[in-house]
Amino acid sequence: MSANTLVNGDLSAHPPQKKLNRRTSGSSIYDASSLADVRLSLVALHAREAAITNRLSSLVSSQADLSRELGRLDLLRANLSSQVIATRSISNGMLSSAAETAGRLSNRVKELDLEKDRVQQTLKVVEQVAELKACVHGVVGSMGAPQDWEAAAGYISRASKVPEPIIRGGFAASIVPSVEVPDAPWDTLENAKESLCGLFLREFEKAAKDGDGARITRFFKLFPLIGRGHVGLDVYGKYVCQGVAGTARATLKEVPGGAGRQDGFFYANALTKLFEHIAQIVESHGGLVERHYGEGKMVKVIEKLQMEADVQGGIILDSWSDDRSVNRRLTDVKSYPFSFLVQSLLPQQKTLGGTPRMGSPAVGGAANPRASEDEGVNMKEIDGLLNEISVMLGRWSLYTRFLAGKCKSPKAPENAALSIPAVLSNSTLQKKVSAKLIEPYNFMSTFFFRRSVEKAFQLDETPAGLSLNLNKPIEANAPYISSAVDDVMYIVSAVIQRSIATSQREVVSHVISSTSRVLDSDFIKMMHQKMQDESYLRPVVQGGLPPEDKIVTFIVLINSLDVSIEYLARIITTRLGSSPEQPNGASPANPLAASFPFENDVVLVTSSLNNLHSTFTTKTTTLLNDRLQVLFNQVVRQRLRTIMSETFRDADYWRTEEELAEIALQNDEDEDEILDRVPRRFEQGWDALMKPIARLMTAKTYNTLLEITATYLAKQSLEKRISSYSGKTNAYGAIRMERDFNGIISVVAKGNYSVRELFNRVSQILMIANMEDDEWEELVDAGDDGGIEWVLSEEERLKARNLVRE
């Protein structure tokens, strides 16, 4: 092995180590300071030399093996080259001829396949021409002496399956004609179709005139066989429309004496019969049409029927509008002045009238015998019209839903929402329903509800026999509310239910919107006016209490507001089948889904009902809370000040336990009675004040009043009283104070434990004041809260700690 090989094979592979070793050995020799160091360096160099020599020897010995393997590879390469040359010669000499043969065979097979395909196509054409010839001769033969119209139509139907290019081709033109049928096949077939179509039309019309259902069905089934399906559907549509028109005219025919049209539901029944007749035709004949004319063809008949429904339905609605004098009644409704509501809400009229208003023109007393009519508008007639319109709109909705299902695309999913088909949305009857029914209904419904609210307040009465005297029994049943609330909420329920019965989203949305508007502008404002003017709690003398009858009436009005919220929530819950507090939208169990099947109708109706509830609740609750605050300020707070003064009249929290015992001994009193004096006095005064009020109020309004009172009592009375004793009481007095105040809190919170939370500040102040020093220090060391949910700031806690004088 050459030196160059050694350098490339080994030394260059470790140049850093070589240089490092050279520097290391050199530096060690140069650093040697004695003979011993020189000898050690020399020994190290000899050892390194021996190692390098061994490595070079192993590389030299492996060089022979590498050379031998390279020689073997050169021999294999030579053998493979000869094999490659032999393989190429075989490929060029033997396989090229086989490839040429395979190519020729493949081309020949393709030619045979093409010839076979052409033969099959020729046979198919021959068969089709033979079938055409048989059909042409069959048609001519059947239309001859046998007059077998079914057979003739069947031959034409078979011929229609032959492709048009074959029928009009030259081959058919030369083969099909014969002595009996010399014309071209397409001319023969077309003439036969026209002849049969005219024949079928005449026979169909004759059978329709005779009322022969079997013959009508027989010839109706033949039109699609001769390629005249559109003619059959058209003539069939005319036939069923004649029946619809005849039935509608018979229904509207004046009965003897003219009593029929005076029936409140005569026209509603007529419209119902019209829709039922059409639905019966579609349901019973749909299968026949679909079977013989194809899927979806019944829509053509429905379009014809709807055109007739537009005519007959329009006649019914026009006759109804004229007989019921709808336009005149609309004029009266729109011009009605609502004098009582307007005058009651005017500032200059706020002192007029009272409750009940027995002199009202609407009461129907001797002064005015009209019990159901006021200022030219008969409420009973308006109610009857609304009921009749509601029935007609409900029938229209059912009819619309039925046709929407029949016109639904067969490819549509089974559970897909219905959509109103164009045949209905663009119909004349749809426009007439909107103009003649929906618009009058919206106007009259708004008037009916507002007039009912006005009448309810005209006839308003409060429960008799109510008193703040606990010794007087009350014969009326709780809750004690004004009669107007019952009347108005009954009308609300009836108006909403009647609008939902129409199944018309536009009607329901308008009715709910107008109901919300009237409740806000009339009902709530009238209640506010009564509480602000007629029954406002004004004391007879400065600093005194209002008259008892004013307090009772005011409480009844507060109850009325509270109960009206409850009643409306119950109405909405009944209609939705769920709590109105749930998010807008239709749940799976929503009972409205059956009445509003079209797209998003049920979601919009549900949203309208929830909006009505939330709007009314918000505005009524605001007024209710304000009036409760007035009741507290004018009645409860006035008496509460006197009660608190009497309760703490001779409170002496600076006395020691011994002094208190001595006073009890001197006055010949029990010491426990002296200790219980403060809470006992408060309980007596509290019961005398609150029990009469609680007896008259609803549970919810009383609890709210109780919370207002407790808040005032905690912040404005007890906390201030504690502050007034700061630095004036001793440790024993602080214990008594805590006991007395807890007794007061227990009296106030009796029956409503949550009220105790309003006294948390008072309780914590007294708790801190009565803590032992070690407990207080432990609490301070514990940090910010010490495991207690504080309602006092750190400064307030320190102030409470200084309540007891040292």
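**Entry 1: helix α28**

I began on one side of α28, where E795 and K799 are exposed; exposed means over 50% relative accessible area, buried under 20% and partly exposed in between, with a 1.4 Å probe and protein chains only. A note on provenance: this is a predicted model, in which local features need pLDDT of at least 70 and side-chain atom pairs count only at pLDDT 80 or more, while totals for chains, interfaces and linings use all residues. Residues are numbered from 1 along each chain as its sequence is written, and side-chain values use heavy atoms, with hydrogens and water left out.

Helix α28 covers residues 794-801, and R797, A800 and R801 are buried in it. Helices here are DSSP runs of H or I with at least four residues, numbered from the N terminus. Looking down the axis of α28, I find its buried residues within an arc of 105°, so they line one face of the helix. The arc is taken from the directions that run from the helix axis to the C-beta atoms. What do the buried residues of α28 pack against? Their partners are α26 (760-769) and α27 (773-781).

**Entry 2: helix α4**

I next checked α4, residues 149-159, and noted W149, A152, A153, I156, S157 and A159 as buried. Down the axis of α4, the buried residues fall within an arc of 160°, so they line one face of the helix.

**Entry 3: T729**

I looked up T729 and found it in the loop between α24 (699-724) and α25 (731-748). Is T729 buried or exposed? T729 is buried, at a relative accessible area of 0%.

I then went through its polar contacts (pairs of N or O atoms within 3.5 Å; within protein, one must be able to donate a hydrogen and the other to accept it, and residues adjacent in sequence count only if both atoms are side-chain atoms). The T729 side chain reaches the backbone oxygen of Y653 at 2.5 Å. Setting aside neighbours within four places in sequence, T729 is in contact (heavy atoms within 4.5 Å) with Y653, W654, A734, M737, L803, V804 and R805.

**Entry 4: salt bridges**

How many salt bridges does the structure hold? I have 36 of them, each a side-chain nitrogen of Lys or Arg within 4 Å of a carboxyl oxygen of Asp or Glu. As background, side chains of opposite charge can pair when their charged atoms come close.

I picked out K432 and D318, whose closest N and O atoms are 3.1 Å apart in a salt bridge. K432 sits in helix α16 (residues 428-458) and D318 in helix α11 (residues 298-323), so the pair ties together parts that are 114 residues apart in sequence. K432 is partly exposed at 23% relative accessible area, and D318 is partly exposed at 26%.

My next pair was D650 and R681, a salt bridge with its closest N and O atoms 2.8 Å apart. This pair links distant parts of the chain, 31 residues apart: D650 is in the loop between α20 (601-647) and α21 (657-666), R681 in helix α23 (residues 677-696). D650 is partly exposed, with 31% relative accessible area, whereas R681 is buried at 16%.

I also noted D652 and R736, a salt bridge whose closest N and O atoms are 3.0 Å apart. D652 lies in the loop between α20 and α21 and R736 in helix α25, so the pair ties together parts 84 residues apart in sequence. Here D652 is buried at 11%, and R736 is buried at 8%. One more for the page: E190, E194 and R228 are linked in a network of salt bridges.

**Entry 5: aromatic pairs**

I found 19 aromatic pairs in the structure. The rule takes rings of Phe, Tyr and Trp (its six-membered ring) with centres within 6.5 Å; planes under 30 degrees apart count as stacked, over 60 as edge-to-face and the rest as tilted. The ring centres of F266 and Y267 are 5.0 Å apart and the planes stand at 85°, so the pair is edge-to-face. Both F266 and Y267 are buried.

F682 and W686 make a stacked pair, with 5.6 Å centre to centre and 25° between the planes. They are 4 residues apart in helix α23, separated by about one helical turn. F682 and W686 are buried. I also logged F204, F220, Y236, Y239 and Y293 as one aromatic cluster.

**Entry 6: cysteines**

How many disulfides does a search of the whole structure find? I got 0, taking a disulfide as a pair of cysteine sulfur atoms within 2.5 Å.

Definitions and conventions: Helices (H or I, at least four residues) and strands (E, at least two) are DSSP runs, numbered from the N terminus.
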